[in-house]
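User: I would like to learn how to read a structure feature by feature. Can we take one and work through it?

Analyst: Gladly. Here it is.

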Amino acid sequence: MLRLKIYQESAHFRMPTIAPYLSYPLPPPSTVYGFLRFITDYRSINFENTKLSIQGSYKGVSFEKERLILDTKKELKTNIIPIQKLHRCEWIIHIKSPHEEDILNAINNSSKVFRLGRKEDLIIDIIGEKVEEMRFNKDENEYNKNMKIYTNWNKENTINGSLFRMAFDTVVNEKKEIIGYKLINLIYTNVRQLSKICKVFDGEYLIEWI
């Protein structure tokens, strides 16, 4: 199992809204899968062979106006849209995959510029390391309590938080062109909430596979 620690000065993970452009509070799984495919020169990393746990925190939020350009067949159209940005972001992403060595090698040796989300949302720092999956006991184990995390939603779920429907991963055709998205329902919650039901952690962070 791998753990990635990612730091961004700012980030935006767009919700499917018109205006303003709102951001999901954590990177969606589809964004993480896309990032992993990009850094490994498009290995077949997807929701079917790779499990993710996504958590993190940010220190501030702002709304900034940006000029968006839409290239139509007839003309270029521009529009000024308020965009929600997250600032001083730290993401903790756990990965369980047959491609772990490829991912770790890319993080340590790639000359690519790393981004998460939009092309302008640079990754300032990233640390990838192997960690051990251990059984979590709330009464015995210490863990990082300062993070928010995604957990799966179902009718029996008693975790309090914000429910989001978002892209789990992209759906591609034979030419590897994106033709749609596989969707997922996730609850955004505090890790303290999750500690009630969480069964695994890495000795520092809880893990919730989605």
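User: Let us begin with one residue. Where is the place of Tyr24?

Analyst: Start by placing a residue relative to the secondary structure. This is a predicted model, so treat every value as computed from it. Tyr24 sits in the loop between strand E1 (2–11) and helix H1 (29–39).

User: Is Tyr24 buried or exposed?

Analyst: Compare its relative accessible area with the cut-off. Buried means under 20%. Tyr24 has 5%, so it is buried.

User: How many residues apart in sequence are Tyr24 and Phe63, and what is their spacing in space?

Analyst: They are 39 residues apart in sequence. From C-alpha to C-alpha they are 14 Å apart.

User: Now a strand residue. Where does Ser53 lie, and is Ser53 buried or exposed?

Analyst: Ser53 lies in strand E2 (residues 51–57). Its relative accessibility is 0%, so Ser53 counts as buried.

User: How should I read charged pairs?

Analyst: Begin with the general idea. Side chains of opposite charge can pair when their charged atoms come close. A search of the whole structure finds 15 salt bridges.

User: Which parts of the chain does the pair of Lys5 and Glu204 link?

Analyst: Take the distance, then the location. The side chains of Lys5 and Glu204 meet in a salt bridge at 3.9 Å, N to O. The pair links distant parts of the chain, 199 residues apart. Lys5 is in strand E1, while Glu204 is in the loop between strand E10 (200–201) and strand E11 (206–207). Lys5 is partly exposed at 22% relative accessibility. Glu204 is partly exposed too, at 31%.

User: With which residue does Asp102 form a salt bridge?

Analyst: The partner is Arg43, with the closest N and O atoms 3.3 Å apart. Asp102 lies in helix H2 (residues 100–109) and Arg43 in the loop between H1 and E2, so the pair ties together parts 59 residues apart in sequence. Asp102 is partly exposed, with a relative accessible area of 28%. Arg43 counts as partly exposed at 36%.

User: Where do Glu101 and Lys130 lie?

Analyst: Their side chains meet in a salt bridge at 2.3 Å, N to O. Glu101 lies in helix H2 and Lys130 in strand E5 (residues 125–130), so this pair ties together parts 29 residues apart in sequence. Glu101 is partly exposed, with 47% relative accessible area.

User: Which residues do salt bridges that share partners join into one network?

Analyst: Glu64, Glu66, Lys85, Arg118, Glu120 and Asp121.

User: Now the whole chain. How many helices and strands does the protein chain have?

Analyst: It has three helices and 11 strands. From the N terminus, the elements run β-α-β-β-β-α-β-β-β-β-β-α-β-β.

User: Why does the radius of gyration agree with a compact globule?

Analyst: Compare the value with what the chain length predicts. For 210 residues, a compact globule would have a radius of gyration near 17 Å; the protein chain has 18 Å, so the two agree. Also check the principal axes. Along them the C-alpha trace spans about 65 × 35 × 35 Å.

Definitions and conventions
Residues are numbered from 1 along each chain as its sequence is written. This is a predicted model: local features need pLDDT of at least 70, side-chain atom pairs count only at pLDDT 80 or more; totals for chains, interfaces and linings use all residues. Side-chain values use heavy atoms; hydrogens and water are left out. Helices (H or I, at least four residues) and strands (E, at least two) are DSSP runs, numbered from the N terminus. Buried means under 20% relative accessible area, exposed over 50%, partly exposed in between (1.4 Å probe, protein chains only). The radius of gyration is taken over C-alpha atoms; the globule rule is 2.2 Å times the number of residues to the power 0.38. A salt bridge is a side-chain nitrogen of Lys or Arg within 4 Å of a carboxyl oxygen of Asp or Glu.
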